[in-house]
Amino acid sequence: MSEPIYAGVELGGTKCVAILTRGPDQIVERQIIATTSPEETLGAIERQLLEWHAEHGFASLGIASFGPVELDQSSPSYGQIVRTSKAGWSDTDVARRLERATGMPTAFDTDVNGAALAEMRWGVGQGFDDFAYITVGTGVGVGLIVNGQPTRGFAHSELGHIRPARLVGDDFAGCCPYHGDCVEGLASGPAIQARLGGRAIESISNDDPLWDAVAWTLAQLCHAIVCAAAPRAIAIGGGVMTGQPHLLERIEHMLVDSLAGYMPLPPGRYVQPPGLGAEAGPLGAIALAMTARR
Ligand code: ADP
Ligand code: ZN
């Protein structure tokens, strides 16, 4: 018997990726849709899903979204993007709308929780119940899976906004509009741009002090994650990590130094690139679809 087909939508700040697949290596259809206004973007996604449903059918739908999102199923605003800085998208219903349109069981979560679940199913988190996926891009986001489940509370966790211990000598003020020098304010793509002060990124060598501050900040984030949930491994992806692969090893060394022997890490590489590469995002939506219930 062949695997069932699942539909997934990764909703990003600049583009959305819709895929139809039987698993990581059996993608049947794929469509990129620009993120413009909610009506234009969600309308296009809805039409695409209906077309695929008529042509191939699918068992369920997973939606992995930029946030913040409402994940409390008892809330009237469940399935919405809430309070976002992205113009026009605050309080936009996504999950209930697409579930209604397709009539199929739908699961909804953050993009990073989806990516973490995909890495646990097919990537570097296989065999683990406790795992973290960090993205370092326009923002810093963390999908933290504890005992097989993404964390839940009055909101999803936002570990990218913790306040790290500062690297001695790093006096960059940080660029988070809420916190200034939180992890996102110190180490996201826009923070790096601000630290460059007009220098071209291509002209910066790997041993520039800028990278010490960025790696240190991300190591502090990993320190907090290790102390909070002791995941078996941490994957770090996103545009900054893809562009600066030298950061990974430094983050791991700085993490070990920072933990100072208090929590010895499991043997082998602990901080890893995503096994699914850039596909961790779209396949995250598929991993979510596989959890959808009627
Ligand atoms: P998003 O977070 O919007 O999904 P990405 O994960 O692709 O997007 O990350 C985009 C960010 O990555 C931008 O802020 C960009 O400045 C940064 N970036 C892209 N290439 C590099 C690079 N070579 N070095 C450092 N940062 C980079
Ligand atoms: Zn912040």
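These legends accompany several views of one predicted model.

**View 1. The whole chain and its dimensions.**
Welcome to the overall fold: the chain carries 9 helices and 12 strands. Its C-alpha trace spans about 60 × 40 × 40 Å along the principal axes. The radius of gyration is 19 Å, which agrees with the value near 19 Å that a compact globule of 294 residues would have.

**View 2. Surface, burial and charge.**
Of the 294 residues in the chain, 53% are buried. The accessible surface comes to about 13,300 Å², and carbon and sulfur atoms hold 51% of that area. If you are looking for the charges, there are 20 positive and 32 negative ones, and their mean positions lie 3 Å apart. Among contacts with a separation of 6 or more, 60% join residues 24 or more positions apart.

**View 3. The largest nonpolar core.**
Here we step inside, to a core of 36 residues. The members that touch the most others are Ile134, Ile225, Ile234, Ile236 and Ile251. Helix H6 (209-229) is among the elements that give two or more residues to this core, as are strands S8 (131-136), S9 (140-146) and S11 (234-237). H6 supplies the largest share, 11 residues. In soluble globular proteins, nonpolar side chains tend to be buried together.

**View 4. A closer look at Ile134.**
Which residues does Ile134 touch, leaving aside those up to four places away in sequence? They are Val140, Gly141 and Val142, then Leu221, Cys222 and Ile225, and finally Ile234, Ala235, Ile236 and Gly237.

Methods:
Residues are numbered from 1 along each chain as its sequence is written. Chains are lettered from A and ligands numbered from 1 in the order in which they are written. This is a predicted model: local features need pLDDT of at least 70, side-chain atom pairs count only at pLDDT 80 or more; totals for chains, interfaces and linings use all residues. Side-chain values use heavy atoms; hydrogens and water are left out. Helices (H or I, at least four residues) and strands (E, at least two) are DSSP runs, numbered from the N terminus. The radius of gyration is taken over C-alpha atoms; the globule rule is 2.2 Å times the number of residues to the power 0.38. Buried means under 20% relative accessible area, exposed over 50%, partly exposed in between (1.4 Å probe, protein chains only). Contact means heavy atoms within 4.5 Å. Accessible areas come from the Shrake-Rupley method with a 1.4 Å probe; for residues, only the protein chains shown count as cover. Lys and Arg count as positive and Asp and Glu as negative; His and the chain ends are not counted. The place of a charge is taken as NZ of Lys, CZ of Arg, CG of Asp or CD of Glu. A nonpolar core is a set of buried Ala, Val, Leu, Ile, Met, Phe, Trp, Tyr and Cys residues joined through side-chain atoms within 4.5 Å.
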